Amino acid sequence: DGNSGWRCPACQNASVQVPKTYTCFCGKVHNPEWNRNEIPHSCGELCGKKRQCLDCPHLCNILCHPGPCPSCPAFVTKTCECGQTSHSVRCGQSTKIHCSNVCGNTLNCGKHSCTQVCHAGKCSPCQLTVQQVCYCGSNFKEVLCGSKEEFSDGFGSFSCQNICGKKLNCGRHNCKQVCHPQPCQLCPRLPQVVYRCPCGQTPLSKLLELGCVERKICTDPIPSCGKTCGKPLSCGSYEFIHTCESLCHEGDCRPCSHTSNIYCRCGFKKKDFWGAFFLFLIAAITFMCDKRCNKKRSCGRHKCNEVCCVDTEHKCSLVCGRKLNCGLHRCEEPCHRGSCQTCWQTSFDELTCYCGESVIYPPVPCGTQPPECKKTCSRPHDCDHPVYHSCHSEEKCPPCTYLTQKWCMGKHEFTSFFTFFRTLIYEQLGTYEFVKSRFRLLNVGDCSPCVTCCLS
C-alpha cells in the first residue's frame with residue numbers, strides 16, 4: 001500500500017521491520033518443516049503464547065496457529081465492582097461485573113458511606129454539607145463534608161475578618177484583634193504588662209519614686225509623665241513629620257494643627273492644607289494641576305496633551321489610518337512608529353490574467369497583481385495587423401509594431417513604416433529633424449527627400 005514495512009504472505013500480518021529469520025507462528029521453531037497434515041508454517045505444537053487479555057493468567061492451549069489467540073475458554077470467579085458479590089464468568093470476558101447492591105464504601109470524608117449502586121472507579125466525593133463556626137464564634141458558613149475547608153484546629157474553622165470581641169483574661173476589656181485562631185492575648189493594660197507612661201518616654205518605676213500611686217488592676221489610670229507626647233501623626237509628609245503637641249496622655253492623639261504640603265500627581269505644583277483636612281484630602285480626592293504634558297507619544301507623531309500627566313509610556317490611543325501596502329485599505333492598529341504591517345485581508349477567489357490562462361489560486365493576499373501570462377494578447381485592436389505583445393493587465397494595449405509599406409505624401413515612392421511611428425509623424429510631431437532622428441533610432445535609414453517635401 002505504499003507504506004514502509006513488510007507483510008507476511010502467510011498470515012498477512014504487517015510489521016515495521018523486515019524479519020531476518022523464518023519462524024513458526026508461535027515463534028518456538030526456526031525454519032519449520034512442511035507437513036501435509038499440519039497448517040503451513042506451523043510447528044504443530046501448542047501455541048503457549050500469552051493472550052491479549054491483560055488479567056488472563058492462562059496461556060494459549062491450541063496448536064501453533066496464525067493470527068491472534070482466541071479468548072480464554074476457562075471459567076473463573078470474579079467479584080463485582082463493590083466487592084460484595086461473586087460470579088463465575090469466562091476468563092476472557094473483559095467487561096466489568098456490576099451487581100444491584102448499594103456500594104457502601106467509605107467516602108473521602110471518612111464519615112459517610114457511598115449510596116450509589118455498584119459502580120466502576122472511585123466513589124464520588126461526599127456531597128453532604130457541614131456547618132462551620134469562625135474562631136470568634138460570631139459567624140457560620142456551610143462547606144462540603146471532607147473538603148479542605150472543613151479542617152479545624154480546635155479553635156474554629158475560619159476567620160470572619162471581624163473584631164474578635166471576646167472578653168480578655170482580666171474580665172473587664174474585650175479583644176480588639178481580628179478574628180484569630182489562637183487564644184486572645186493578655187489585657188494590654190494589666191500592671192504586669194505596662195512598664196512606661198502613655199507616651200513611652202518615662203518608666204513607671206521612676207514615677208513611683210516621685211510619689212505616683214502604684215497600679216493594682218487594669219482599670220487603674222496609667223500615670224502621666226507631664227512631658228509633651230511627641231508621637232508622630234499620620235498627617236506628616238516626607239519632608240516634615242508632625243508630632244503630637246499635647247501633654248502625655250492616654251488614648252488617641254488630637255487632630256494636627258499644622259499645615260502640610262501636598263503635590264499634584266505630576267509633582268509640578270503644591271498646595272498647603274491643614275493637617276486634619278490633609279488626611280481627608282488624601283482619602284477622598286487627588287490634587288491635579290492644570291499643566292498639559294508636551295511629551296511625544298509612543299508613535300512619535302502626536303503629543304500627549306494630558307492634564308497633570310503621570311504616564312511614563314505615553315501610548316498613543318489614536319488609530320494609525322495610513323494606507324497599507326495594498327493601496328486599498330488603511331491601517332486599523334493604534335498609531336505606531338515605522339512601517340505598517342502588510343494587509344491582512346485576503347481573497348478566496350481565483351486571480352487570473354485577462355485571457356484566463358494564468359491563475360493564482362486562493363487565498364490571494366490583498367493587493368496582489370494579476371499573474372504574468374506568456375500567451376499572445378487576445379483583446380480587440382484598432383488595426384488588423386498581427387499581434388506580437390503578450391497578455392497584459394493594463395487597460396490600453398501598446399502601439400502596433402507591425403512594419404507596413406505606405407506611399408509618401410506626394411505618392412512618389414513606397415516607404416516602410418512602423419504603424420505607431422506613422423501616427424507620431426502625422427498627429428503629434430510634424431518636424432523633419434524629429435522624424436529623421438527617430439528613423440535613425442529605429443535603424444530604418446535616413447528620411448527620403450519626399451518626406452521632407454511632404455512635411456514642409
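User: Is Cys134 buried or exposed?
Analyst: Cys134 is buried, with a relative accessible area of 1%. Keep in mind that this is a predicted model.

User: And how many disulfides are there?
Analyst: The count comes to 0 disulfides. Cys134 is in no disulfide, and its nearest cysteine sulfur, in Cys136, is 3.4 Å away.

User: Which residues does UniProt list for the NF-X1-type domain?
Analyst: The UniProt record, an unreviewed entry, lists residues 56-74, 109-128, 170-189, 235-258, 299-318, 326-345 and 383-402 under "domain: NF-X1-type".

User: What do 56-74 and 170-189 look like, in terms of helix and strand?
Analyst: Residues 56-74 are 0% helix and 0% strand, with the end C-alpha atoms 10 Å apart. Residues 170-189 are likewise 0% helix and 0% strand, and their end C-alpha atoms lie 9 Å apart.

User: Where does His65 sit, and what is it in contact with?
Analyst: His65 is in the loop between strand E2 (14-15) and strand E3 (75-79). Setting aside neighbours within four places in sequence, His65 contacts Phe25, Cys47, Cys60 and Pro70. It is buried, with a relative accessible area of 9%.

User: E3 is on my screen now. How does it pair with E4?
Analyst: E3 and strand E4 (residues 86-90) pair in the antiparallel sense over 5 bridges. Thr77 stands opposite Ser88 in E4. The hairpin has 6 residues between the strands, and Gly83 there takes a positive phi near 80 degrees.

User: Switching topic: what does Lys166 touch?
Analyst: Not counting residues up to four places away in sequence, Lys166 touches Tyr135, Cys136, His173, Asn174, Cys175 and Cys184. For Tyr135, the backbone oxygen lies 3.0 Å from a polar atom of the Lys166 side chain.

User: Where is Lys166 in the chain, and how accessible is it?
Analyst: You'll find Lys166 in the loop between strand E6 (140-144) and H1. Its relative accessible area is 35%, so it is partly exposed. Lys166 and Pro183 are 17 residues apart in sequence, with their C-alpha atoms 9.9 Å apart.

User: What about Ser246, buried or exposed?
Analyst: Ser246 counts as buried, at 18% relative accessibility; the cut-off for that is under 20%. Ser246 is in the loop between helix H1 (204-209) and strand E7 (259-263). Leaving out neighbours within four places in sequence, Ser246 contacts Lys227, Thr228, Cys229 and Arg254.

User: Last one: how many salt bridges does the whole structure have?
Analyst: There are 4 salt bridges. One of them joins Asp290 and Lys269, at 3.0 Å from N to O. That pair links distant parts of the chain, 21 residues apart: Asp290 is in the loop between helix H2 (275-284) and strand E9 (346-347), and Lys269 is in the loop between E7 and strand E8 (270-274). Asp290 is exposed, with a relative accessible area of 58%, while Lys269 is partly exposed at 35%.

User: Which others can you tell me about?
Analyst: Glu313 and Lys315 meet in a salt bridge at 3.4 Å, N to O, and both are exposed. Lys216 forms another with Glu214, where the closest N and O atoms are 3.9 Å apart. Lys216 and Glu214 are exposed too.

Key: Residues are numbered from 1 along each chain as its sequence is written. This is a predicted model: local features need pLDDT of at least 70, side-chain atom pairs count only at pLDDT 80 or more; totals for chains, interfaces and linings use all residues. Side-chain values use heavy atoms; hydrogens and water are left out. UniProt positions are given in the numbering used here, feature names are shortened, and annotations may be inferred rather than shown by experiment. Helices (H or I, at least four residues) and strands (E, at least two) are DSSP runs, numbered from the N terminus. Buried means under 20% relative accessible area, exposed over 50%, partly exposed in between (1.4 Å probe, protein chains only). Contact means heavy atoms within 4.5 Å. Two strands pair if DSSP finds at least two bridges between them. A polar contact is a pair of N or O atoms within 3.5 Å; within protein, one must be able to donate a hydrogen and the other to accept it, and residues adjacent in sequence count only if both atoms are side-chain atoms. A disulfide is a pair of cysteine sulfur atoms within 2.5 Å. A salt bridge is a side-chain nitrogen of Lys or Arg within 4 Å of a carboxyl oxygen of Asp or Glu.
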